[in-house]
Structure formats: structure tokens, C-alpha cells
Amino acid sequence: MTRVDRIAEPWGTRTPYGPGEPWPARVDTHLDGGLSSDDVDRWVQTASLLHSNGDAMDIAVKDERIVGVRGRQGDRVNHGRLGVKDLYGWQANSSPDRLTRPLVREGGRLVETDWDTAMGRIVERTQQLLAEQGPSAVGFYTTGQLFAEEYYTLGVLAHGGIGTNHVDGNTRLCTATAAAALKESFASDGQPGSYTDVDHADVIALYGHNVAETQSVLWMRMLDRLAGPNPPQVICVDPRPTEVARHATVHLAPLPGTNVALMNGLLHEIIANDWVDHDYIEAHTVGFDELVKQVQDCTPEAAAQICDVPAEQIREAAAILGRAERLLSTVLQGFYQSNQATAASVQVNNINIIRGMLGRPGCGILQMNGQPTAQNTRECGGDGDLPAFRNWSNDEHVKDLAKVWNVDPMEIPHYSPPTHVMQMMRYAEDGSIRMLWVSGTNPAVSLPELPRVRSILSQERLFLVVQDIFLSETAQLADVVLPAATWGEKTGTFTNVDRTVHLSEKAVDPPGEARPDLDIFIDYAHRLGLKDKDGAPLVKWHDAESAFEAWKECSRGRPCDYSGMTYELLRGRSGIQWPCTEEHPDGTERLYEDGKFFSTPDYCESYGRDLVTGAPVEATEYRALNPTGKAILRAAEYVPPHEIPSEDFPFILITGRTLYHFHTRTKTGRAPELQAAAPDVWVELSEADASAFGIGEGDLVTVSSPRGSVRAAARITGIRRGVVFLPFHYGYWDTEGGHAPDGAGRAANELTITDWDACSKQPIFKTAAARIERTAAGQEPAPAPTTTASAPVRPAGAPTRGPSDVDEELSDRAPEVAL
């Protein structure tokens, strides 16, 4: 057993392996207060809720308290490893400022009350608005951190009971483009690839995907391949000097907002050199001729003019992609939160498709998720889709869903796609949405253009309900606050990026009167008297397992088919990939192995959209394009961002994550080791830009956009010139301001623009125009980690370290794999 400071060495000890070999197991364990495994009363099965990797773990319980975690060696996802947020984040559960009783607003203040009073107010306001204005007065905005059973219940009561179309999740901010890109290429959501493709690939291409900080255990897997024999070549597309870039064979650092031009340049070169699988294209795709025509003039030189990337680098990357025998492609926020998000992500799919790199070991696409249960929001109707990938514009799908719920099809709104959150904010601003129920998320920090968002959420005419575990910035603005249970305090399932479903069991009781989100939704449905067309309760389940059984039936026969799973199968086994059916009782590792897709017109989830305008493709148009259900090659021209640098705002602002925090830091900010590693906001800028503006390491800098300003300490890094970066985690809950700036701004979204991708409706966080100004001399280095993309170009103070060590235990026993 080895002990490692995992704050200082976040990816731990290397366990090298070669292509086609199983990833060696290593069990990571962290226990509180010098406890050993012998001191633990029991271990309880779960998986991580602080990123989308789906790391399986066991919770250590002693004296009915959570005292630590241990990775599950036999799990197919992590083989026992845990990331830094997994190892330390659980401490937030026992924070003394957890919400323990409902709160209601009285005389302008939130005061404690009982559940009957709180729920009574919500039900009374709902009924009043339904009578006055109808279902369109009510909106729901949820998270990427609940369980599948909870999203499904919310989807049923909102779509099938109340009849509102205003249902979305904060996965809109991180994952909507993943779903949109998959629907454009395959007419259905669902990741084609598997994490085991890392074990086989000879080329791994990461597009805007800082996997080292967003899915650190997946990065451990890649690092171990790089440390072993015959390592894969790595292509990194990112304007920042990430750990991925430091290990890349080719690092492309395009100007933010130009990803489509870069991708078209790569596609041009691959096609021009005939590095394409013509047999695969002929047998399994439509749209190749249009793609060839679109990229014909986008030579590497033409792309280089737009992206400011050397043409020779584009050629080198294209040659690696074009000659790969097993290509794994991954995509995340660098593409999803940028200009032309869906169009750029679809071009990644196009490279794998025209090269025939699907459905074989090492040949996959992972349009990554940003949050742990993002996939479930998309599957269960918790955001802008109908449950089980039903097509909102296919009347037969709506009828089928109505049959599952035993309601009239006309009670399920399907006159347009479910409303995305940015449109919901507009409706609330205009006064048509008058009740907004926010569960498990924090839009007062995470949405763009925060001054506007705060003004919307604090309107008197808007009845705001917040269901959370802490008094977040958003909760402080609410009319009713409901205390929720969280991970480790309730039972449910959730699904990671490569479709692996994990069961998370209750380990301890929630504090005070806090309740599981599922219980709250069921209680609301019953108090509201929601019925099916036979007069029976619309929500017929009463606990997590019975909700899961209901969800299974809803998913039966659809791409995300869970019908072969049970809690008993998931319990102990640790991870099964959907679709899991009678035909595939062990799950399905890769989709589209046989070149068959979920894309026939009568079955597909979506007919797609125009990649530039976002206009929906009509059913008749889709039937003409793809009558037999093939993969679709969709082309797109490059269009510049709406906001570009100017004389007044000469920089491009991008925002993003750091390894040590999650979302708006409500949990990780309460974990001492994580908070100490990245205690406050900073701004990254290049050495050349710092010199031009007389800025040194740690100097206070004001970053301004046309919408606001933020003050942060400067970190001088290897980021490309003309670009500045702010981490998006920092808000105001731990400042004097409470929910808003008390002086200088701190949240990156004070600066970002109200704008979204035409297809996915995902807000754009990475192309705001900004200026910088030195405000004061710094007294110490910026509070940015030295271990990540924010590492300084020159030594700056003490390196990032942690106060405690983690046990890493290597094992000769190969982990069990689902298939």
C-alpha cells in the first residue's frame, strides 16, 4: 500500500498497461481522522456525484456518520480509483450549515416553518396560477445531480400532470450540446463508445475536453496507457496549456469561437488525402457529398487564417486522425460552450463516421457530460426531451407515452420542444412564467449575465421555490426553500457518460427534517391531486425502487432500454450499461456495432436541425434524407461569434472548471482540502499580455465586459495571447454579499453574454469580449492551483499541496468487467 498526497498529485501513482490489456486495479481509500478500515462499521455502495465519470465507490459509515470513501475495484468504470473530489467532497454532507427545516418568506425574510405550511403554499400558488393562466405559468428547472427516479417523477408530474412545457435542467449549461450532436448524427441520444475504448485506441483526440480536470479518473486511465508500451497518440484542441496539452502529440490552440473552421480544415485534409472508409460510407451513411462540398475550400491555410493555428499543425493532426486504426474521440465544454457548439461537435462525429471508426474496440465517440447524472435528465424528461428518447414531433411517440402514463395525449404538451432555461428566464422576465421551482442547482451563479438573472429571480411577481441542501445564492432569493437529502442519504440510480448505470444506496439519515427529492416530488403530486384518466393517482410509486420499476417500463423498447435491470442486479455487481434487455441481459458495451442506428424515421428521437440557423428539420424532409435509418453526415459553414473583441474590449474571455471544485462550489467549497487547494477566484493571462499591461503574478486585475466586472488576482500562464480565463465556480454564499457582489464582482458570469447555440440552446460562455486593468499590486501569488492548467509559467510561491494522504492499494486481481 502506498500513501500519496492526492492534492499535490491528483492523478496518483501510475499503473502502466499496453493496448488490449485490462487496466490494472488500484483501490484508493480516504478515511477521516486517522481511522482505518477496521474501524468502519459498514461500507455502502454508491458512485461519485461530483463529476460525470461515474466512479464507483463505497461509503464508510461509523457511528451513523459518513467517515470516508473507498473505490470499488470490481467496477468497470474506475477499477478502484477515485478523483480528488471523490476523496474529499463527502465532507460537505455534514456541514453545520445544512438546511434542516423548510423556510418561507415572511416580511421579506426567510423563516423556519413545517413541511405542511411550506408545501401548502406551493400547492396553493400552483392551483391559483393554473386557474388564472394555465400550465404555462409554471416552470421547473432542475439539476444534473439528482437520480433517474427523481427526474422521471418530475417529468411525469410536470409534462403529464400539470401539462407545462417549461421543464429543463442545468445540464443545459454543460451537456445539451452532447445530446444535440448525437441526435444530429445518429438521430438519437446515447454515447456510441465505452470507456474501455481507451484500452484499445491508438489515437485519442480530445476536443475542448480538459479530461485531466473534469473526469480525472478517466485521465488516469489515459495516463496509464501513455506510460505503458505502444502508447496512443494524443491530439488536444484547447486554447489553454492543460495537462492534456502537455501530454499531446499535437496541441491545437485555436482562437475561441473558431472550432467549426478548425474542424472543417481537418475534414478537408482527411478527405483530400482519401483517408476515408468508402465502403462504410456507402453502406451506413447519408450526406457525404454535401460534406465534401462544404469543406472543399477549407484548406489548412484557410482554416489557419481564421483559427490562428499554424497550417502545418492542422495537417499533422489530420494525418494522425486519418491514419489511425482505432480512433477514440471525446468532446466537452471547449466546444459545447462556444460559438457554433453543435456544428463543431457534429464535425467530430463526422471524422469518426467517414473513417468507419464506430462499434469496434478503440473506435468510439464520447460526447462527454459535465455533471454526474446529466444523462438521466436527458433520458427521463428532466430537461428538453420527452422520456426515453421519444420524439416530441412524432405524434405516435406522444401517444405511446400517454399510454404509459394513462393520460390523454393532448395533456402532454408537444406543440414545440420543451422550453430551454434561457427562454424560461425570458418568460419569467416578461411575466408569463410566474412560478419557478429550482431543484438542486444555483442559477444565480451558474447562468450567464448575472445582473439580469438576479433581477429576474428577485421579482415580486415570480413565486420562486428552491429545493436544495444549502442556502445557496438562489435559495436566498426564494419564497419557499425545501431542505433536501443528498448523496449518501437517499437511494437511487444514475448513469454516466458511457451509459453505465450505478445504484447509490442510502448510508445515513439526512439531517433534521430534510427529505429525499423523490419524496418531495411525490408529495407535491399527491397534494396537487394529479390523476390519470381513470382517476387513479398519476404518480403510482412510493419509493426509489418502485419508481425505478416504473421508469423501466417507460424505457422498454426505446434506445435507453433499462428493462433488463433490477436493483438486485445492480446491487453488488457495480455498473451495467444500457440498453439492458432480455436479449442483452448483461448490458451493451458499444452502440452501432453492426452499423445499425436508432435513426429510422418512425423510431428516431429527432429529425435534427439546421446546424447554422437551428431551424427544425420537418418529418417529411427527414424521411426523404434518411428513409432507411443510417448515420447522418451534416455539414456546416463557419460563422463568427456574435461578440468579438473591439478597441474597448480587446480580449476574448473564456470560463471553465478547475480540478478541485464542482458547479458553484456549494459542496466542494465546504470540503477543507478542496477549498484550500483553490480558495478564491483568479484570472489567467499570457506572459505577453501581462507584460503589455504591467501586470505581475498575484496583482489584482479588474476584468470587464459590456455587462459587468470581476476583480481577481492574476495568474500568468501559458494560455494563448489575447485570451483570458476565469474559473466559474465562485459566487457569494461565503462572502458578505450573500447572494450578490458586495463591492467588486467575483463570479465569472457577471461578464458572460445572454446568447446560446442555435441547435442545442446551450448558453455560450466562451466568447465574451473583455478588457483587463491592473487595479493594485499583489501581496502574494494568485490563489490558483499550480498542479493544473492554471500552473504558472514561472515559479510562484509554494506549490499546491494537501494536508493529508490517500491510501493507494495496487491489486494483482483484474477487475470484473460488465461484458
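**Aromatic contacts**

Guide: One aromatic cluster is formed by Y152, W541, F548, W551, Y562 and Y567. Rings of Phe, Tyr and Trp (its six-membered ring) pair if their centres lie within 6.5 Å; planes under 30 degrees apart are stacked, those over 60 edge-to-face, and the rest tilted. This is a predicted model, in which local features need pLDDT of at least 70 and side-chain atom pairs count only at pLDDT 80 or more, while totals for chains, interfaces and linings use all residues. Residues are numbered from 1 along each chain as its sequence is written, and side-chain values use heavy atoms, with hydrogens and water left out.

Visitor: How many aromatic pairs are there by this rule?

Guide: The count comes to 20 aromatic pairs.

Visitor: Are F389 and W578 buried or exposed?

Guide: Both F389 and W578 are buried, a term that means under 20% relative accessible area (1.4 Å probe, protein chains only).

Visitor: And what is the geometry of F548 and Y562?

Guide: F548 and Y562 form an edge-to-face pair, at 6.2 Å centre to centre and 80° between the planes. F548 is buried at a relative accessible area of 0%, and Y562 is buried at 0% as well.

Visitor: Changing topic, which charged end sits over the ring of W23?

Guide: That of R81, 3.8 Å from the ring centre. The criterion is NZ of Lys or CZ of Arg within 6 Å of the ring centre and within 35 degrees of the ring normal. R670 lies over the face of F470, 3.7 Å from the ring centre.

Key:
Buried < 20%, exposed > 50% of the residue type's maximum accessible area, 1.4 Å probe, protein only.
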